[in-house]
Amino acid sequence: MKIVIIHGQSHEGSTCRVARELANKVGGEIQEFFLPRDFDQPCLGCFTCFKTDISHCPHYKKLEPLMTAILKADLLILESPVYVYHATGQMMSFLDHFGTWWMVHRPMPEMSRKQAVAIATAAGGGMKSTAQDMADSLEMWGIHKVYRLGIGVQAAKPQEIPDGIMKKIHEKTDSLAEKIRKNAGRRGCNPRAQKWFYLMRLAHKHFPPAEPDYGYWEEQGWHGRGTPWNCNKIISRIDSETDNSVLQ
């Protein structure tokens, strides 16, 4: 299993520790990125990606390595400590660059084969809202299974986490790793994204075409019976790329 962890900060604190523990328990090839160290550009709001595509983003050169890793991953782990009851600015700025991937615009069929986890920790509270900040994008990208893991660590540093809390962390990561392994290789789409897909399909039939979104859906065959989570053309391409990488 290919696992990509996007850390919402550049220091290796409690949230980082939980993310790594989960990834190691799932098992596989792990690749990590730290924000803002590996990507430090705020979205400019220039609308270029919506008018053309993400490859025309002014920050594409820096964004492309992370984007490619995400598309190739089987499991995505986004993690952020709680900053004023929300994910870090670095994490949110990073996710801002993928607005065109949302189900209502130009979703990527590759997401139907992925699972993802949004992890948040805090000394006090705010884990739920922080995990939701990241889960919003993960779900609206159309990822099959999206899990949330929030933990109140009652500590400022990993080495200060009480033994009782560490026991809970181990138990929760054990349970979640088992679920992820059980669902590995399955295809589908989470209910929230499915709902928005069908609403947008209806909107495309009753309102003037909004390009380039409309043309993208037409090319994929989604104005008929096709869906991003049942796109055999894309899935075949992914399988072919995987086979070629093995042969190489």
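The protein chain has a mean pLDDT of 93, and 93% of its residues reach 70 or more. pLDDT is the predictor's confidence in each residue, from 0 to 100. Over residues 235-248 pLDDT stays under 50, and the model has 7 contacts there beyond four places in sequence; a contact means heavy atoms within 4.5 Å. This is a predicted model, with local features needing pLDDT of at least 70, side-chain atom pairs counting only at pLDDT 80 or more, and totals for chains, interfaces and linings using all residues. Residues are numbered from 1 along each chain as its sequence is written, and side-chain values use heavy atoms, with hydrogens and water left out.

**Cores and helix H4**

A nonpolar core is a set of buried Ala, Val, Leu, Ile, Met, Phe, Trp, Tyr and Cys residues joined through side-chain atoms within 4.5 Å. Buried means under 20% relative accessible area (1.4 Å probe, protein chains only). The largest core has 46 residues, and Phe 94 and Trp 141 have the most contacts inside it. Elements giving two or more residues to this core include E1, E4 (115-122), H7 (191-206) and H8 (213-220). H5 gives the most, 6 residues. Helices (H or I, at least four residues) and strands (E, at least two) are DSSP runs, numbered from the N terminus.

Phe 94 sits in H4 (residues 89-96), where Met 91, Ser 93 and Leu 95 are buried too. The buried residues of H4 pack against strands E1 (2-7) and E3 (75-81) and helices H3 (60-72) and H5 (127-140). Not counting residues up to four places away in sequence, Phe 94 touches Ile 6, Leu 35, Phe 39, Leu 63, Leu 66 and Ile 70.

On a 1 Å grid over the protein atoms alone, a cavity is a set of points where a 1.4 Å probe fits but cannot get out; a pocket is an open set with protein on both sides within 12 Å along at least five of seven lines; lining residues have an atom within 4 Å of a point. Grid points are joined across faces, edges and corners, and a volume is the space filled by probe spheres set on the points. The structure holds 1 cavity of 30 Å³ or more.

| Space | Volume | Lining by class |
|---|---|---|
| Second largest pocket | about 210 Å³ | 7 nonpolar, 3 polar, 2 charged residues |
| Largest cavity | about 40 Å³ | 8 nonpolar, 2 polar, no charged residues |

Ala, Val, Leu, Ile, Met, Phe, Trp, Tyr, Cys and Pro count as nonpolar, Asp, Glu, Lys and Arg as charged, and the others, Gly among them, as polar. H3 supplies the largest share of the pocket lining, 3 residues. Asp 53, Trp 101 and Arg 106 are among the residues lining this pocket. The cavity lining includes Trp 141, Cys 189 and Trp 229.

Notes
Buried means under 20% relative accessible area, exposed over 50%, partly exposed in between (1.4 Å probe, protein chains only).
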